[in-house]
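Here is a note on the two-chain structure shown below.

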Amino acid sequence: MSDRPPVTDRPPVTDWAADFDHMDARWVEDPFPIWDDLRQRCPVAHTTRYGGVYLPTRMADVRDVAYDPETFSNRRPVVRANPPDVPLPTPPISSDPPHHKPSRMLLLPAFTPQAIAPYIPVTRRICAELLDQIGDARSCDAAVQYAQHVPVRVIAAMLGVPETDGDLFRRWIQISLDDTIHDTPESAATFVAVSREMDAYFKRHVESKIDSKGTDLISFMMRARFDGRELTERHFYGALRLLLIAGIDTTWSTIGAALWHLAKTPDDRRRLVAEPALMTTAVEEFLRAYAPVTMARQVRKDGEIAGCPVKAGEMVLLALPAANRDPAAFPDADRVIIDRQDNRHAAFGLGIHRCVGSNLARMEIQVALEEWLKRFPEFTLETTKPVTWAAGQVRGPRTVPVRIGA
Amino acid sequence: MPDPLKPAWRLVVDPEKCQGHNRCQALAPDLFRVDDLGFASATGDTMPDAMLEKATLAVRNCPEFAIRLVRVGQGDEV
């Protein structure tokens, strides 16, 4: 994965309340103090960069935005200066009411807990294979050699394509991530080209299916109907691109962040090894404290967030990770408490755009941590090597160098 | 002597608010079921005091504030 710092000609931020930048090196490295400061003195920050963006940092205000799709549209879920010059809808994440509901409903049956259950043993096997490859090495990179491979292989298994295609998916993800970082007309063009490559990839698999009776996600989408009709090509391939991309770097970010936390917090690591029943609350706490995803909305009509006027056409960064650290919503919000009992976190979003894959993501995180801890109950952070964090709207460690063994 | 198994509470999932996070069913599988789309509902009309702790945990972990716990015959919520 690329370790390059954000390439931007925008000046470093000096005023986070009136001129914030989510691609600024300080935000990328450690956004939490920035959000804590804003929450106290200017809970809805603004910037004129990227054509104008608002940033609510309190849970209550993030909720208000999430629950008001009439004012805040999902048409553009990513904040960027150079959006692609062709529309690349990925329903339902890019959809608004009234189209949103039917396009979401058709995906839901594939991601219920019951539908995900058969992939638990598949995920365990994938994790075990990755751990076999690390073998008896005394050190490794828990992000590069482990976390980053789990979701690509699981989604390949769900799509019914070879798991070895996971490397191709990682390349596509890398290009989309690089595009977010560079944010130039050229990088946008590359991203469009990659989207077309994905469409062609899926087309080959669709054509190879004699019927659409399979349990895989591609066959499932071939059977899907919208208002009683087959999906349009634009809808079909857009939704498949979403299913492919949305669960990859998001999930690997949380697995990586959890392993990073456990590597540097021996008390939590030992406790989780000794009391595996804590895994359920621990996973939710990792999701809260290291929520990877910040979504975006576009203001559809002039309105307000917590009394701050917002202008139509400008964007809103829906900082779910900031909301999850709001002391008004969580006691000891800045502490990671692996047996936290009350945890209404918003890592998967709130309202009609709740992450469709949340049951899948939660399962992958839990299984990946369980299998890792079974194999390597003792590991610590390799302090001589840096941990770098992904820039953009999906935050997670791109490298987690660890030393294995007591 | 109060009977801990006497129906004492009603557990109500608001279908307008539930978005299918599935936190309730994961925490209290005896008290909640999810349908083919992933939306939750209570498994029974009422539940006894013995289940109160589990039910409260589910209420307090619902990100959408979609679950209510009402004392039978009194309308009090916790």
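1. Residues 24 or more positions apart account for 63% of the contacts in chain B with a separation of 6 or more. Two residues are in contact if their C-beta atoms, placed from the backbone, lie within 7 Å.

2. Basis of the note. The model is predicted, so to speak of local features a pLDDT of at least 70 is needed, side-chain atom pairs count only at pLDDT 80 or more, and totals for chains, interfaces and linings use all residues. Residues are numbered from 1 along each chain as its sequence is written, while chains are lettered from A and ligands numbered from 1 in the order in which they are written.

3. Make-up of chain B. This chain has two helices and five strands, and along the sequence they follow the pattern β-α-β-β-β-α-β. Helices (H or I, at least four residues) and strands (E, at least two) are DSSP runs, numbered from the N terminus.

4. Dimensions of chain B. The radius of gyration is 12 Å, close to the 12 Å that the globule rule gives for 78 residues, so chain B is as compact as a globular protein of that length. The radius is taken over C-alpha atoms, and the rule is 2.2 Å times the number of residues to the power 0.38. The C-alpha atoms of chain B fill a box of roughly 40 × 20 × 20 Å along the principal axes. Of the 78 residues in chain B, 37% are buried; a residue is buried if 20 or more other C-beta atoms lie within 10 Å of its own, exposed if 12 or fewer, and partly exposed in between, with C-beta atoms placed from the backbone.

5. Where chain B meets chain A. In this interface, 16 residues of chain B are in contact with 20 residues of chain A. On the chain B side, the elements that give two or more residues are α1 (23-27) and α2 (52-61) of chain B. The most comes from α2(B), with three residues. By type, the residues on this side are six nonpolar, seven polar and three charged. Here Ala, Val, Leu, Ile, Met, Phe, Trp, Tyr, Cys and Pro count as nonpolar, Asp, Glu, Lys and Arg as charged, and the others, Gly among them, as polar.

6. Chain A overall. Chain A holds 17 helices and twelve strands. With 406 residues, a compact globule would have a radius of gyration near 22 Å, and the 21 Å of chain A agrees. Its C-alpha atoms fill a box of roughly 55 × 55 × 40 Å, taken along the principal axes. Buried residues make up 49% of the 406 residues in chain A. Among contacts in chain A between residues at least 6 apart in sequence, 70% join residues at least 24 apart.

7. Helix α13 (residues 249-264) of chain A has 16 residues and spans 22 Å from its first C-alpha to its last, close to the 22 Å expected at 1.5 Å a residue. The expected span is 1.5 Å times one less than the number of residues. Of the 16 residues of α13(A), 15 are buried, so this helix is largely enclosed by the rest of the structure. Helix α17 (residues 358-375) of chain A has 18 residues and reaches 26 Å between its first and last C-alpha, close to the 26 Å expected at 1.5 Å a residue. In α17(A), 14 of the 18 residues are buried, so α17(A) too is largely enclosed by the rest of the structure.

8. Strands around β2(A). Strand β1 (residues 44-47) of chain A is joined to β2(A) by four bridges, and the two run antiparallel. Two strands pair if DSSP finds at least two bridges between them. A:T47 has A:V53 as its bridge partner in β2(A). The hairpin of β1(A) and β2(A) has five residues between the strands, and in it A:Y50 takes a positive phi near 60 degrees. From strand β2 (residues 53-56) of chain A, A:V53 and A:L55 point one way and A:Y54 and A:P56 the other way, and all are buried.

9. Strand β10(A). Strand β10 (residues 315-318) of chain A pairs with β2(A) in the parallel sense over two bridges. A:V53 has A:M315 as its bridge partner in β10(A). Strand β7 (residues 295-299) of chain A pairs with β10(A) in the antiparallel sense over four bridges, and A:M295 stands opposite A:L318 in β10(A).
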